[in-house]
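We will go from stop to stop, with something to select at each one.

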Amino acid sequence: MDTRQMIVIFSSLVLTQMTLGNIDEFDCVDIYKQPAFQHPLLKHHKIPEKFTSNESFDRKSKYKTTDQSCPKGTVAILRQRSETESLHLDTDDHFGHHFAVMDTYPDASIYRGAQADISIHNLTLQNNQLSRSQIWLENGPPGELNSIQVGWAVHPRLYGDSATRFTIYWTADGYKTTGCYNTNCPGFIIVTRNPSIGNIFKLSSVYGGDKTVIFTPHVYQDVFTPGWALKVDDEMIGYWPGELFTHLKNGASRVRFGGNTYISPDGISPPMGNGHFPLKDYQRSSSFLHVKLTNHRYQTIEAKTILRNADSRCFRLMDRRYTKENGKSFSYGGAGGRCGI
């Protein structure tokens, strides 16, 4: 059954905001009339008041992404400007994709969450290119792959611009008939009243600047339900209900951190990260800092045992020694170009 259906949203209030010259509209939608509840498995789903973290979904966060918020009982859904969504299968062997990632060892470990401080960067891409910096949590064989992906993306075909935006993705069957970006199909349930999913980051890191601008996505599985919650900078954004998944119900068998690009039709890969090879200087590198995992006992641990993988001459990955200041960290990126298959 293909759940990637057209979403129809009715709202009485629209939040309009301008960021870096881009005008976005967010519809304030009744929390139980958001796209997720059009999924056949979620018609009778009830939103829990709290998740494992014991954090109420209605709590006001001090980390607001905007001065505007939707009224109580509603959530903010980005009004999609682009009518065409590019799927961009992101399996390792799919033509056109390149990765520079840190990967957990392929053993029998099960993970209940992941988080990292991810540096934010502005890039300019062509229409059918894609550049992402994100966390993947996955389980299942390729044809049945369950995957949750969270980070920032520059995706002109999806958003209609080249802005750096908070972006999520999921699939429950190896990208065949389920899953999508953001809330473009039924699945992810938003609980925050602030514009979040698809939002443009107001600030970004400047190459060689004094400060690295970061954000901190945290995905974790609830102890009492098989659902997966998403927090950003301590604000509860929403969750993927356990009903969506088969294998991720049992935890994640693989977690990846890093960058991913997709080529344009002319074979040119866009830049990754900050568009430069990583250097020892953090201010001139795109990085993941304080990379952490949640183990099968729901304990947060430093991700010290992970593999490095940069699959192209266009991109590099630099592992860094653990420090108290940055925890487990690494840097990655590159300018792109003709990078090969």
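## Start with the cysteines

Number the bonded cysteines of the protein chain in sequence order, and the pairing reads 1-2, 3-4, 5-6. Keep in mind that this is a predicted model. The count comes to 3 disulfides, taking a disulfide as a pair of cysteine sulfur atoms within 2.5 Å. Visit them in turn.

**Stop 1: select C28 and C70.** The two are joined by a disulfide, with 2.1 Å from S to S. Look along the S-S bond. Its torsion is about -85°, so this disulfide is left-handed. Now show the strands. C28 sits in strand β2, residues 22-30. C70 is in the loop between β2 and β3, the latter spanning 74-78. The pair therefore ties together parts that are 42 residues apart in sequence. Are these two cysteines buried or exposed? Both C28 and C70 are buried.

**Stop 2: select C180 and C185.** Here the S to S distance is 2.2 Å, and a disulfide joins the two residues. The link of C180 and C185 is left-handed, with -85° about the S-S bond. C180 has a relative accessible area of 1%, so it is buried. C185 is buried too, with a relative accessible area of 0%. The cut-off for buried is under 20%.

**Stop 3: select C314 and C339.** Their sulfur atoms lie 2.1 Å apart and form a disulfide. The link of C314 and C339 has -110° about the S-S bond and is left-handed. Which parts of the chain does it hold together? C314 lies in the loop between β18 (306-310) and β19 (316-323). C339 lies in the segment after β20 (327-333). So the pair ties together parts that are 25 residues apart in sequence. C314 has 9% relative accessibility and counts as buried. C339 counts as buried as well, at 6% relative accessibility.

## Move to the sheet

Stop 4: Follow the order β9-β8-β7-β6-β15-β4-β18. These 7 strands form an open sheet, and their pairing is antiparallel. Which strands are at the edges? They are β9 (180-181) and β18, and each pairs on one side only. Strands of a sheet pair through backbone hydrogen bonds, so display the backbone atoms here.

**Stop 5: select residues 130-139 and 254-262.** These are strand β6 and strand β15. They pair in the antiparallel sense. How many bridges do they share? The pairing runs over 9 bridges.

## Finish inside

**Stop 6: find the cavity.** The structure holds 1 cavity of 30 Å³ or more. The largest cavity has about 50 Å³ of space. To see its lining, select A76, I77, L78, Q80, N182, T183, N184, I190, I197 and G198.

Which element gives the most to this lining? Strand β3 does, with 3 residues. Now colour the lining by residue class. There are 5 nonpolar and 5 polar residues.

Key. Residues numbered from 1 in each chain as written. Predicted model: local features only at pLDDT ≥ 70, side-chain atom pairs only at ≥ 80, totals over all residues. Heavy atoms only, no water. Helix = DSSP H or I, 4+ residues; strand = E, 2+ residues; numbered from the N terminus. Buried < 20%, exposed > 50% of the residue type's maximum accessible area, 1.4 Å probe, protein only. Pairing = 2+ DSSP bridges. 1 Å grid on protein atoms, 1.4 Å probe; cavity = no way out; pocket = protein on both sides within 12 Å on 5 of 7 lines; lining within 4 Å. Points joined across faces, edges and corners; volume = space filled by probe spheres on them. Nonpolar A, V, L, I, M, F, W, Y, C, P; charged D, E, K, R; others polar.
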